[in-house]
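Here are a few notes from my pass over the model. Have it open while you read, and check each point against the view on your screen.

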Amino acid sequence: MILLLESSFEIGKQNVQNIKHIIPQKLHPMKVQSIVENRGITRKDIYPLRKNITGIGYSGFILKELRKILK
């Protein structure tokens, strides 16, 4: 995107904020940033998804308890 230097700072911040909410979370962290004349203006981190460790069968202890119950 080509902009005037005076308005590029505000528009860059708005674009980064909008893009952060549009991009879905992945399994690895991502960074969104805007750069004007080789200087980083804003940078937002998109944090990764976390795995559900409370689900049944995720840890060995829960499986052992289930096996005891079923016997």
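1. Start with the side chain of Ser8, which reaches the backbone oxygen of Leu5 at 2.8 Å. This is a predicted model, so take that distance as a computed one. Ser8 itself sits in helix 1, which covers residues 5-22.

2. Is Ser8 buried or exposed? Buried: its relative accessibility is 6%, and the cut-off for that label is under 20%. If you set aside the neighbours within four places in sequence, Ser8 is in contact with Leu3, Val36 and Ile41.

3. Now move to the loop between strand 1 (30-36) and strand 2 (39-46), where you'll find Glu37. Asn38 is in that loop between strand 1 and strand 2 too.

4. Have a look at the backbone there. Most residues other than glycine have a negative phi. Glu37, not a glycine, has a positive phi near 50 degrees. For Asn38, also not a glycine, phi is positive at about 60 degrees.

5. What about accessibility in this loop? Glu37 comes out at 62% relative accessibility and counts as exposed, because the label applies over 50%. Asn38 has 78% relative accessibility, so Asn38 counts as exposed as well.

6. To put the pieces side by side: Ser8 in helix 1 is buried, while Glu37 and Asn38 are exposed.

Note on methods
Residues are numbered from 1 along each chain as its sequence is written. This is a predicted model: local features need pLDDT of at least 70, side-chain atom pairs count only at pLDDT 80 or more; totals for chains, interfaces and linings use all residues. Side-chain values use heavy atoms; hydrogens and water are left out. Helices (H or I, at least four residues) and strands (E, at least two) are DSSP runs, numbered from the N terminus. Buried means under 20% relative accessible area, exposed over 50%, partly exposed in between (1.4 Å probe, protein chains only). A polar contact is a pair of N or O atoms within 3.5 Å; within protein, one must be able to donate a hydrogen and the other to accept it, and residues adjacent in sequence count only if both atoms are side-chain atoms. Contact means heavy atoms within 4.5 Å.
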